[in-house]
Amino acid sequence: MTKKSSLVALGLAAALALTGCAGGGNNGGNAGEGKAGAALTIAKPDGAIATESNNPWVGDSSALKLGYINSILEPLALINLANPSEAATPWLAEKVEWSEDYKSVTVTARDGVKWNDGKDFTAADIAYTFQMFLDHPALDIDAMGLTKVTEDGNKVTLDFENSMFVKQEKVLHKRIVPKHIYEGVKDPATYDFKEAVGTGPYKLTKFDTQSVELTARDDYWGGKLAVPKLYYVSYNDNTALTTALANGDADWAQAFIPNVKSAFLDKDPEHNVQWAAAGLGIDAMYVNTTKAPFNNLAFRQAVNDVIDRHKHQEVAREGAVPAIKSITGLPTPAGDPFIQEEYKGKDYKVDVDAAKKILTDAGYTGVGTKLVDPQGQPVSFTISVPQGWNDYVTGISLIADSVKALGAEAKVNTPDSDTWWDNKGKGDFDAILHWTDTGATPYNIYNNTMGGMYLKPIGEQADFNFGRYDNPEATTELAAYANATDDAARTAALDKVQQIFVNDVPAMPIGTRPYIGSYNTRNYVGWPNEKDPYAPADPTQVNSVLILTKLKAAAK
C-alpha cells in the first residue's frame, strides 16, 4: 500500500484560580448553555507545570507534554493518523513530491505565511530546520537518515540514505522553526525557545505553573479562528481531570477515563464525547521466545487461539476503544487497506477446541486439565505489567483466565514500574503486555514485535522485540517493505511479513492502542469523530492544528 507521490495544496488544582482559565466550560452554568466566543481549555493529567520550555524536540518540554507546541509551530503536511491511507494534507508546504523510491522529497514553501513576529516564512526556514538534523544529530530521534538539504527558490529537496516510505509522517510532521531565531543558538537540544515564534494559529501570551495561555492570531495564513483563546492546563491525575471534564472546567483532553460512560458521557449526553481512533498501533502480549513455554510454536499458537479480544475490549478497556479483529493484528479501519488478500475477512475468534488439537498434535499431554509439554514439564508462565496500570492489570488477568482452558497455569505479577521497565528491556520475563509504535503504515506493528534490528542478547536492554524473536526472513522482508521502490514490491514483502506474523505468532495482539480524545460540543462544533475521522481527536498530536482551524461556534 502506498500514497500519492504528489500532494497539492488543498498539578493544577481542580478549581483554577486564574481568571477566565476555564472559559471554555460551563463556569457553573447548566450543561448545554454555551457561551459565545468562549475560550477552550485543553487538559492533561501530568501534574504541575514545572518550568517553561517550548523546545519542539526535547520530549519533556512543557510545550510537547501539554501539546501547545502544535498551536505555535506547524509541519510541512499532515498525515491523518486516524486513517493513514489517505493522501496527506499539505500545510506549510503547499506541494509535496516524493521520488519513486522515497529516498528524496521536494517541498514547495507556502506563499503568504508570516511568523508571529511579523517576518515572512520562506523556504529558507524549511531548509534551515532540516539542516539542523544534519548539524545536530541528537535532534534526529526518528533516525531519518537525512543526507542532504538543497534549497532552490521556493523549493527544498531532502535526500535520505534509505527509503522514507514507512517514515513519511516522521518527515512531513517535523515542526518548522524560524531560521532568524534559531540560527544564533549553539545547542538547540537544550534551548528553551522562550520567544515561541511560530507560523501557527495561536501565539503564546502567558505562562505560569497553573496554565499556559495562547491567543488567536488575526493575521494567520489559514484564516479567521473561531476560538479566541486556548488554555492548556495539567491536573494532578486522571480523577481530577475526569472531574474537570465532567463539570465543564476542561473542554478537551487526552486521557483514558475509567468508567467513561458514567464519569463523563452521561454527565451531558448531548454534548460530551469521547472518540478513540484506532490508528496503526496496538497493545500486544510480548512473549519470551528464548525459553519455555513460549519457545514452542504450538503453545504460542494455542494461547493465541484462546485469548478473548472482545472481552479485553469490553472489560479491560471498558468498551471505550475499538476491538482488534483481524488475525493480521491490524486495527480496523486504519489497517484495512494494508490487509493482504489471503487474510481479508479472517478475524480472531476464541477456539478452545482448535487450540487443544494443536497441543495434542504437538505432543502435549494433560490438555485441558494439567498441561505437560513434550519434555514432560508442567506448563506455567508469569505475565506482568506495572502496578497501577489498571486496564493492563485487568487485561493480563483475563489472559490468565483464558489459558486455564488449556490446562496451563498463568500467574499475574504487578511489580513497580521501574522494576518492570528494566526487566522488559533485558528480556527477564515470560510474558508482558506492551504497546507498539504507530505510524502511516503497519511497519511499526510488525517491526516492533519481530524485527531483527532490535535483537539483543538476554540481559542487554532492547528497545523493542522484547521477546527476542529471531527470524532472519522476517527481518529481510521488513527491510524489503521499508525500502521497496514500487507498490508491487511493497505488497509482496508485506504479504510475507503478515504470513510470518500470523503463522509463527511472535507476539499476540490483544487490543488497539488508539488516539483517545475527550471533548464537549457546547461551544464549538466541527470536531473529528467516527463519522468524520479527518484527524485523531488527541490534542497532543500534530494534527490538532487542523482541528483548531475546523472548529466553528455552536448554534445557540
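**Briefing: a predicted chain with two open sheets**

Alanine 143 sits in the loop between helix 2 (123–135) and strand 7 (146–152). Its phi is near 50 degrees, a positive value in a residue other than glycine. The model is predicted; local features need pLDDT of at least 70, side-chain atom pairs count only at pLDDT 80 or more, and totals for chains, interfaces and linings use all residues. Residues are numbered from 1 along each chain as its sequence is written, and side-chain values use heavy atoms, with hydrogens and water left out. Helices (H or I, at least four residues) and strands (E, at least two) are DSSP runs, numbered from the N terminus.

**Confidence and record**

- The mean pLDDT of the chain is 91, and 94% of its residues reach 70 or more. pLDDT is the predictor's confidence in each residue, from 0 to 100.
- Over residues 1–34, pLDDT stays under 50. The model has 100 contacts beyond four places in sequence for this stretch; contact means heavy atoms within 4.5 Å.
- Where pLDDT is low, the predicted coordinates should not be read in detail.
- An unreviewed UniProt entry places the feature "domain: Solute-binding protein family" at residues 89–448. UniProt positions follow the numbering used here, feature names are shortened, and annotations may be inferred rather than shown by experiment.
- Residues 89–448 are 26% helix and 20% strand. The end C-alpha atoms of this span lie 27 Å apart.

- Seven strands form an open sheet with mixed pairing, in the order 9-10-11-2-12-19-13. Two strands pair if DSSP finds at least two bridges between them.
- Strand 9 (202–207) and strand 13 (272–277) are at the edges. Each has a single partner strand, so one side of each is left without a neighbour in the sheet.
- Strand 12 (residues 252–253) and strand 19 (residues 515–520) run antiparallel, joined by two bridges. Opposite alanine 253 stands serine 518 in strand 19.

- Five bridges link strand 14 (residues 282–287) and strand 17 (residues 431–435) in the antiparallel sense. Alanine 284 has histidine 434 in strand 17 as its bridge partner.

**A helix pair**

- The axes of helix 7 (residues 297–306) and helix 9 (residues 352–361) come within 8 Å and cross at roughly 170 degrees. Axes are lines fitted to C-alpha atoms, for helices over the stretch in contact, and angles run from 0 to 180 degrees between N-to-C directions.
- Helix 7 and helix 9 are therefore roughly antiparallel to each other (angles over 145 degrees count as such).
- Ala298, Phe299, Gln301, Ala302, Asp305 and Val306 in helix 7 touch Val352, Ala354, Ala355, Ile358 and Leu359 in helix 9.
- This contact has nine nonpolar, one polar and one charged residues. Ala, Val, Leu, Ile, Met, Phe, Trp, Tyr, Cys and Pro count as nonpolar; Asp, Glu, Lys and Arg count as charged; the others, Gly among them, count as polar.

**Backbone details**

- Most residues other than glycine have a negative phi, and most peptide bonds are trans.
- Asparagine 465 has a positive phi, near 50 degrees. Its place is the loop between helix 12 (443–450) and helix 13 (472–483).
- The peptide bond from alanine 292 to proline 293 is cis, with omega near 5 degrees. Proline 293 is in the loop between strand 14 and helix 7.
- Threonine 332 and proline 333 are also joined by a cis peptide bond, with omega about 5 degrees. Proline 333 belongs to the loop between helix 8 and helix 9.

Methods. Parallel < 35°, antiparallel > 145°, perpendicular 65-115°, else oblique.
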